[in-house]
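Please read the following report alongside the sequence and the 3D view.

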Number of protein chains: 2
Amino acid sequence: MNRILMLGAGRSSSSLISYLLAQAKIYQWQIVVGDVSEQAATDRVSNSANGKAIQFDIDDVESSKAMIASSDVVISMIPAHLHPLVAKICLAEKKHLLTASYVTDGMQSFHEDAKSSGLLFLNESGLDPGIDHMSAMKVIDKIKERGGRLTSFESFTGGLIAPDTEPENPWRYKFTWNPRNVVMAGQSTAKFLSNGTYKFIPYQQLFKRITPVQVPGFGEYEGYANRDSLKYLKTYGLEGIKTMLRGTLRNKGYCSAWNVLVQLGCCDDSFQLEGVERMSHRDFMNAFVSTHDNVDEKICLMFGLSPDSDEMNRLRWSGLFSDEEIGIAKGTPAQVLEHILNKKWKLKPGDRDFIVMWHRFQFEIDGKQKEIQAYLTAIGDDEINTAMSKTVGLPLAISTKLLMQGKIKSRGVVIPVMKEIYEPVLNELAELGIRLKEEEM
Amino acid sequence: MNRILMLGAGRSSSSLISYLLAQAKIYQWQIVVGDVSEQAATDRVSNSANGKAIQFDIDDVESSKAMIASSDVVISMIPAHLHPLVAKICLAEKKHLLTASYVTDGMQSFHEDAKSSGLLFLNESGLDPGIDHMSAMKVIDKIKERGGRLTSFESFTGGLIAPDTEPENPWRYKFTWNPRNVVMAGQSTAKFLSNGTYKFIPYQQLFKRITPVQVPGFGEYEGYANRDSLKYLKTYGLEGIKTMLRGTLRNKGYCSAWNVLVQLGCCDDSFQLEGVERMSHRDFMNAFVSTHDNVDEKICLMFGLSPDSDEMNRLRWSGLFSDEEIGIAKGTPAQVLEHILNKKWKLKPGDRDFIVMWHRFQFEIDGKQKEIQAYLTAIGDDEINTAMSKTVGLPLAISTKLLMQGKIKSRGVVIPVMKEIYEPVLNELAELGIRLKEEEM
């Protein structure tokens, strides 16, 4: 095995591709980078002797087949809903596949076939999901080895901005990853286990029912529940645990302001808005309230907010009440909101992002209640070499190296919860400065 | 043409089938009633000489084709999502089709083929949608004939219970139509036009943004916006109107209590609940709040309600905080809620339902602002012969008769907004006692 096909050359792939190209020199690999934009692929490969840039479009099935057939391993960073198409070709051509995306039902359906074909389809191997699974399993396995019994596991991760980046930004947030995912976040019901009871939070409650999170040495954050925590009960080997909650971390105040947009319907992606080409930001907001002017006053009334409340200040700072033209011809509310927010939330030169991951494990051992908190922070170098790009890309890159070296024996559709993956990946991440601290209390 | 295939023999088809069987004697038609339960079809046909009961299952394609092929006209009252399957066979076999359901994209896609084949695929021909379209178009056409220019059209319809039915029921509501549709109501964004501005109400706002409706002689109601009002701008010929809103009518107080269930996530149909077989009603509610006991107190806190508020009284009356076992083995939240509510909301012997429809037309004529209100009320005979069954079934039955008599020339996928349909249908409904009153102010 010496040929890796890397699909997707967007900004988020930068650390991943740099790592692979560096390793390629050592191991004599060839790295083929494919993107719908051949230019993007070329930019990423630069003039590396072990790299090659190609145009790749999954909709062009014949060409995609040929490119996958001539590789040994495929890494896919293209949009997650396209992964089953990639997986189908990988299965037919007997190639391994690695992604940083959640295992969907579509991906899961390949498990038996991939396994019996001796193929690894490794998913959820970025940051969240990814490092969170790996670092949690490391602690969970250690607690079990000590004879402890887990009673509660909570885990929160957030991609924020560094404390010294844009101090005037009241959200303490910018887009450091796919903006669409941020706008669409939480639209499926969150499921988790709390104190022995299954709990379900619908979208309309998600940003109201927040969990305060204190990260030692880094201050106070707030977390909202993330998707389906229940499905990890079995994967993590935590059947019988009382509390199991995975969530997303934000700076304090983000959720109550974002909740206003959720409640109004601004994140709705189910229909095309009428007349976007003639709309201002203010007109956009006006489509979601019952009045015809003074949309900001109406929102204050609807949500019981004062005009100088933190929530209104955040919305105002984002330009949502301005008379500026939106500047796109059409879109769903979610697409329009993303476009408006991107005017303020796009990383500027010099901006640095900031990753925070925090786990809390509660367990019983020798008749005593114990707690371990584990946390990781990472700051980006600049607006290109982000902490997000590193923490998402490097676990995937290291996993690929391990696979190329024959060190991963797992096969089928899996996520990185087994020691043979998490141990070497976490070790190498630590060498690269991405390291969780643990405190037992 | 003398053979009508009527699909669906549920309780809601009773008035429709009775009407057809009575007309069949006069016109020498044969009425074939098909249902997945042959017994249900047999019960409905009774021993009528012109009727025949058959087992009909749309999933059995060959048998469905044969049954449709041997008929002249098909009326479908089976679940709406199955109508495109029926339409496909009707098109292949060159048969007319009538339904009381909304035109979906799936149904709309048959328009050109049905039209060029000389077939009528008439939809939205029940009560709401149905009589609302017909009665609105009658007034709209009259206003236009007088030289008036419509500026506003609002229309609300509700299926309620008669004032003397179950006076202790604080919701003033029971299931008089498909309970699932009631529980799932409003889950797609409502779209309408208000004072010249497009407005969008997401599910999480729908039961908060209500419109007070006063029906002359019948008191005060409240309405919430219903689906996509914008798509009727063109169908009704109302391009350029300032306000266009279709909605659903409920008794006062219903919406704010129902809103609690919406906000909690009890109407969610996107996932299977865990452990339903061991749950009480109270356990069900507990899955949607953050605490582990005192779910009613927690709900009061979450929504700022006092324990003896109208909202809490309604929820309590429906048994939602009781320790009674749910009594089903599995289900989505929406399915479980439907099951619990049905214990109290099912029509009992002697219960009578109550239909209210109300339109308001505002228009300019000779430089003056005018208004017409038109409204209809209907009370059921008992829990079987409901006003709902009559007002949904009879417009469909009368339309079928008109088609059989060659009196409808329209072809393709249409809704009953044309005079050739609405005039004779409304006239015959009036003879049967279903009549809108009009008041000009």
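The sections below go from the whole chain to single residues.

## Overall form of chain A

This is a predicted model. Chain A contains 17 helices and 16 strands. Its radius of gyration is 22 Å, close to the 22 Å that the globule rule gives for 441 residues, so chain A is as compact as a globular protein of that length. Along the principal axes, the C-alpha trace of chain A spans about 65 × 60 × 40 Å.

Of the 441 residues in chain A, 59% are buried. Taking contacts in chain A between residues at least 6 apart in sequence, 70% join residues at least 24 apart.

## Surface and charge

## Aromatic pairs

A pair of aromatic rings is described by the distance of the centres and the angle of the planes. Over all chains, a search of the whole structure finds 40 aromatic pairs. One of them is formed by A:Y254 and A:W258: the ring centres are 5.9 Å apart and the planes are at 15 degrees, so this pair is stacked. Both residues lie in helix α11 (residues 254-264) of chain A, 4 residues apart, or about one turn of the helix. A:Y254 is buried because its relative accessibility is 2%, under the cut-off of 20%. A:W258 is also buried, with a relative accessible area of 0%.

In chain B, B:W171 and B:W258 form an edge-to-face pair, 6.3 Å centre to centre, with 75 degrees between the planes. B:W171 lies in the loop between β7 (149-161) and α8 (179-183) of chain B, while B:W258 lies in helix α11 (residues 254-264) of chain B, so the pair ties together parts that are 87 residues apart in sequence. B:W171 counts as buried at 0% relative accessibility, and B:W258 counts as buried at 0% as well.

Back in chain A, ring pairs link A:W171, A:Y173, A:F175, A:Y254, A:W258 and A:W345 into a cluster.

## The surroundings of A:Q214

A:Q214 is placed in strand β10 (residues 211-215) of chain A. With a relative accessible area of 46%, A:Q214 is partly exposed. Leaving aside neighbours within four places in sequence, A:Q214 is in contact with A:G219, A:E220, A:W358 and A:Q373.

A:Q214 and A:S70 are 144 residues apart in sequence, and their C-alpha atoms are 49 Å apart in space.

## Backbone features

Most residues other than glycine have a negative phi, and most peptide bonds are trans. The peptide bond from A:D128 to A:P129 is cis, with omega near 15 degrees. A:P129 lies in the loop between β6 (120-122) and α7 (131-145) of chain A. In chain B, a cis peptide bond joins B:D128 and B:P129, with omega about 15 degrees. B:P129 is found in the loop between β6 (120-122) and α7 (131-145) of chain B.

Which residues of chain B have a phi near 55 degrees? B:S46 has this positive value and is a residue other than glycine. B:S46 sits in the loop between α2 (38-45) and β3 (51-55) of chain B, and is exposed, with a relative accessible area of 52%. Phi of B:N195 is also near 55 degrees. B:N195 lies in the loop between β8 (190-194) and β9 (197-201) of chain B, and counts as exposed at 53% relative accessibility.

Conventions
Residues numbered from 1 in each chain as written. Chains lettered and ligands numbered in written order. Predicted model: local features only at pLDDT ≥ 70, side-chain atom pairs only at ≥ 80, totals over all residues. Heavy atoms only, no water. Helix = DSSP H or I, 4+ residues; strand = E, 2+ residues; numbered from the N terminus. Rg over C-alpha atoms; globule rule 2.2 N^0.38 Å. Buried < 20%, exposed > 50% of the residue type's maximum accessible area, 1.4 Å probe, protein only. Contact = heavy atoms within 4.5 Å. Phe/Tyr/Trp six-rings, centres within 6.5 Å; stacked < 30°, edge-to-face > 60°.
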